Amino acid sequence: MSLLLETDDLGKSFGGLTAVADLNLAVPHGCVAGLMGPNGAGKTTVINLLSGLLRADRGRVLLDGVPMQGLPPHHIAAAGIARTYQNVRLFSGMTVLEQVMAGCFLRRGTSLMASFLGLPAARAAHRAVQSHALDLLDRVGMADRAEELAETLSYGEQRRIEIARALGSNPKLLLLDEPTAGMNAQESDGIGRLVHALRDGGMTVLMVEHNVRLVMDFCDRVTVMNFGRALANGTPAECMAHPDVQAAYFGRADDAERIRSLR
Amino acid sequence: MKMWLEDIWAAYGSTLGFGMVNAFFALSTYAVLSAGILSFATVTYAAAGGFLGTQLALHLGLPVFLVLPAAALIGAALAFVVALVFLRLESHWMALASLALVLITRVVALNATPLTGGVYGLSVPLFFPFAGLVVLLGVVAVVFWRLNQSWYGIAARAVREDPAVASTLGIPPRRIQTIAFVVSGATGGIGGMALALSLQFLSPDTYFINIAFTMIAAVVLGGSYHWAGAILGAFVFTALPVVAQAVLPEFEKVLNGVALLLIMIFLPRGLIDPRFWRLRKSAKS
């Protein structure tokens with residue numbers, strides 16, 4: 001399988017703190033990749049580096065072999081990377097439909113000037129985008145709430161709107177930062193099924209996820225991080241069985257011995 | 001009946017005229033605010049539009065109805081240059097820099113004597129019919145309505161609420177904000193020329209802090225989330241002192257302040273607030 005996303009010794013420090021060090025990710029086309037790790041492992045920093053909100057100190061990011069590092073976020077978005085946020089970041093004052101319309105900016109199919117003048121072609125394009133936005137809302141089960149103010153909806157609903165907004169640009173790679181945070185098991189499975197449907201439609205997904213069951217059920221590949229470095233790469237089962245991963249999550253075996261001897 | 005109307009016109013006609021001039025200034029402020037920028041540079045665009053527009057009419061014989069579009073072009077060109085510099089600054093520094101620009105504007109107006117008449121000011125012996133001003137405000141309002149309806153409007157709202165998120169959706173914040181500056185410049189230039197035509201005289205103090213105060217107050221009052229708020233706010237803010245003067249002359253200033261305070265306390269997002277309507281609509285459904 002050819003790689004859609006590759007990072008090459010990616011590194012980022014904040015002052016003396018190394019958030020990401022020598023990270024090598026490899027995400028093949030049409031795969032659901034998981035990014036796991038304890039709190040503070042650097043997962044969200046990776047998402048910020050990939051989407052261009054943060055500039056890497058070292059290393060490269062390749063999308064379909066094209067270097068992305070150092071480009072402004074809107075160029076990276078145009079190249080085909082879309083994302084959601086760990087703490088939902090919808091636009092205040094906008095309806096659900098308007099949020100997704102904003103996400104469709106890249107595929108508006110008309111110039112700003114033509115749209116301003118209200119030319120017939122621009123109007124037709126606008127209607128087409130609007131119906132596309134409604135389709136996307138339908139995919140995440142929010143079409144019947146299209147006219148409501150997004151900030152009045154529940155957290156889980158806002159997360160789904162954010163996914164629809166990210167899908168607006170029809171990205172090659174979708175980055176989801178803890179898409180199921182604050183959701184119950186049923187809602188989480190809904191997100192998992194949505195992610196599978198997107199993959200089956202040809203999209204590639206990289207998601208930061210804490211829920212181990214969800215990663216086991218829905219991810220094809222996993223990278224586990226700790227202290228900014230990759231501890232393990234592989235299928236979810238391989239990663240869970242990896243001794244370093246178990247140590248990062250549950251502590252070291254000899255620590256357990258020592259605790260026993262203290263009793 | 002006719003007498004009565006004439007009395008009203010004699011008493012409040014000029015208030016209406018200044019309300020319209022202030023509406024241009026408020027719209028100019030709204031233009032940048034709607035893309036997430038607080039800038040007082042409208043005063044500078046107004047000065048450039050007013051002084052240069054007047055000179056074009058006096059020395060090149062440009063007809064009055066062409067002077068206003070010329071002032072719009074002058075303001076827009078100046079705003080484009082301002083945007084190139086200002087968009088490198090963080091938002092609060094940008095606001096401060098624009099205040100500095102207002103101060104510089106006055107110094108230039110004082111010293112560029114051939115252009116501005118310096119300390120003696122510049123007489124503007126031009127006549128522009130009141131109806132012309134109404135039509136012009138109507139045209140500018142249509143422009144703002146179209147901007148709001150178009151892809152630019154969607155992008156500007158996103159940039160205003162969260163420029164980082166907007167950029168990850170592929171919306172280029174700098175480009176959107178540059179357009180906002182140019183629109184602000186054109187509207188401010190028209191406002192400056194309209195003020196010159198209303199006052200028939202320009203001095204270095206014509207375009208100064210008082211305009212900056214008026215336009216911010218008008219936008220806060222009317223609501224900074226809809227272009228109609230800027231227009232309404234400008235009229236209310238212009239009429240308030242006049243009405244207060246007529247009703248309770250002794251307490252004019254107090255009444256003014258109380259009215260502004262009441263609006264800010266009970267309608268913090270201004271008289272026209274689209275979000276409020278939507279919340280009500282959401283609550284009903």
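Modeller: Helix α3 (residues 64–86) of chain B has 23 residues and spans 32 Å from its first C-alpha to its last, close to the 33 Å expected at 1.5 Å a residue; the expected span is 1.5 Å times one less than the number of residues, and helices (H or I, at least four residues) and strands (E, at least two) are DSSP runs numbered from the N terminus. The model is a predicted one, in which local features need pLDDT of at least 70 and side-chain atom pairs count only at pLDDT 80 or more, whereas totals for chains, interfaces and linings use all residues. Residues are numbered from 1 along each chain as its sequence is written, chains are lettered from A and ligands numbered from 1 in the order in which they are written, and side-chain values use heavy atoms, with hydrogens and water left out.

The buried residues of α3(B) include B:Val64, B:Leu68, B:Gly75, B:Ala79, B:Val82 and B:Phe86, where buried means under 20% relative accessible area, exposed over 50% and partly exposed in between (1.4 Å probe, protein chains only). They pack against α2 (42–60), α4 (91–111), α6 and α9 of chain B, contact being heavy atoms within 4.5 Å. In α4 of chain B lies B:Thr105, which counts as buried because its relative accessibility is 10%; apart from neighbours within four places in sequence, B:Thr105 is in contact with B:Thr44 and B:Ala47.

Turning to the interface, 31 residues of chain B are in contact with 36 residues of chain A. The area buried between chain B and chain A is about 2900 Å², with carbon and sulfur atoms giving 65% of it; buried area here is the accessible area (1.4 Å probe) that two parts lose on being put together, summed over both. B:Trp151, B:Thr168 and B:Leu169 supply 28% of the area that chain B buries against chain A, more than any other three residues.

Across the interface of chain B and chain A the rule finds 3 salt bridges, each a side-chain nitrogen of Lys or Arg within 4 Å of a carboxyl oxygen of Asp or Glu. In one salt bridge the side chains of B:Asp162 and A:Arg89 meet at 3.1 Å, N to O. The elements giving two or more residues to the side of chain B that touches chain A are α6 (130–149), α7 (151–161), α8 (163–168), α9 (173–199) and α13 (274–284) of chain B, and α7(B) gives the most, with 7 residues. That side of chain B divides into 17 nonpolar, 7 polar and 7 charged residues, with Ala, Val, Leu, Ile, Met, Phe, Trp, Tyr, Cys and Pro counted as nonpolar, Asp, Glu, Lys and Arg as charged, and the others, Gly among them, as polar.

By contrast in backbone terms, A:Phe227 has a positive phi of about 50 degrees although it is not a glycine, and A:Phe227 sits in the loop between β10 (221–226) and β11 (229–234) of chain A, where it counts as exposed because its relative accessible area is 66%.
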